[in-house]
Amino acid sequence: MQRAVHESVAEHSWRLALMAYWVSDEFPELDMNKVIKMCLIHDLGEAFTGDIPTFNKTAQDEGREEALLMSWTRSLPAPFGDEMCALYEEMAARQTPEAKLYKALDNLEAVIQHNESDIKTWIPREYELNLTYANDKVAFSQYLTCLREMIRQDTLDKIAAAKHE
């Protein structure tokens, strides 16, 4: 599928949650309900600020997004506001297996989405980024490392095909 438009935050979050569901049998010891919740809410701050590509997002952008999101989250009734605040803290710390899995899948989904886009829309730095993005996030899991390698091969195939067009 070749896309000339950017994937929306909603599409990304939905597909990310679906990916978590699909790999749940590979991680039976994890609380997959928690992982799926993380996937669903992880980019909710972009509802307040808009979607800024990772390589363009500044620390100031991230701070503004987090402040708006946390203000809104704290306004939610119990138990949802409390649970979401706790999930955001866990996601930011990335110490639990659930948070590590969510973040690895988040990065992998972004690379898959990028592979699906028309290569004519790629800027020069995206060629290298698509080959290396998520490597550090998947390192904790042999399964995810193998998945990352398959996605990297898709990137290489896409680049090679574009050279022959």
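From the N terminus on, the elements of the chain run α-α-α-α-α-α-α-α-α. Nine helices and zero strands are present in the chain. Please keep in mind that we are looking at a predicted model.

Let me turn to the overall form. The C-alpha trace of the chain spans about 55 × 35 × 25 Å along its principal axes. For 165 residues, a compact globule would have a radius of gyration near 15 Å, and the chain, with 17 Å, agrees with that. Of these 165 residues, 40% count as buried. As for the contacts in the chain between residues at least 6 apart in sequence, 67% of them join residues at least 24 apart.

Leaving aside neighbours within four places in sequence, L101 is in contact with F27, L30, M32, V35, F140 and L144.

Next, the open space in the model. The largest pocket has a volume of about 1400 Å³. Its lining consists of 45 residues, and D43, E46, T54, K57 and D106 lie nearest the centre of the pocket. The elements that give two or more residues to this lining are α1 (9-22), α4 (59-74), α5 (80-93), α6 and α7 (124-132). Which helix provides the largest share of the lining? That helix is α6, with eight residues. By residue type, the lining divides into 18 nonpolar, 12 polar and 15 charged residues. Is D106 buried or exposed? Its relative accessibility is 7%, so D106 counts as buried, the cut-off being under 20%. Not counting residues up to four places away in sequence, D106 touches H12, L16 and H42. As already noted, D106 is also one of the residues that lie nearest the centre of the largest pocket.

S13, in helix α1, also touches H42. Because its relative accessibility is 8%, S13 counts as buried. With neighbours within four places in sequence left aside, the contacts of S13 are C39, L40, H42 and D43. D43, in turn, is among the residues nearest the centre of the largest pocket.

At a relative accessibility of 24%, I112 counts as partly exposed. Apart from residues up to four places away in sequence, I112 touches R15, M19 and I151. How far apart in space are I112 and D31, C-alpha to C-alpha? The two residues are 25 Å apart in space and 81 residues apart in sequence.

Conventions: Residues are numbered from 1 along each chain as its sequence is written. This is a predicted model: local features need pLDDT of at least 70, side-chain atom pairs count only at pLDDT 80 or more; totals for chains, interfaces and linings use all residues. Side-chain values use heavy atoms; hydrogens and water are left out. Buried means under 20% relative accessible area, exposed over 50%, partly exposed in between (1.4 Å probe, protein chains only). Contact means heavy atoms within 4.5 Å. On a 1 Å grid over the protein atoms alone, a cavity is a set of points where a 1.4 Å probe fits but cannot get out, and a pocket is an open set with protein on both sides within 12 Å along at least five of seven lines; lining residues have an atom within 4 Å of a point. Grid points are joined across faces, edges and corners, and a volume is the space filled by probe spheres set on the points. Helices (H or I, at least four residues) and strands (E, at least two) are DSSP runs, numbered from the N terminus. Ala, Val, Leu, Ile, Met, Phe, Trp, Tyr, Cys and Pro count as nonpolar, Asp, Glu, Lys and Arg as charged, and the others, Gly among them, as polar. The radius of gyration is taken over C-alpha atoms; the globule rule is 2.2 Å times the number of residues to the power 0.38.
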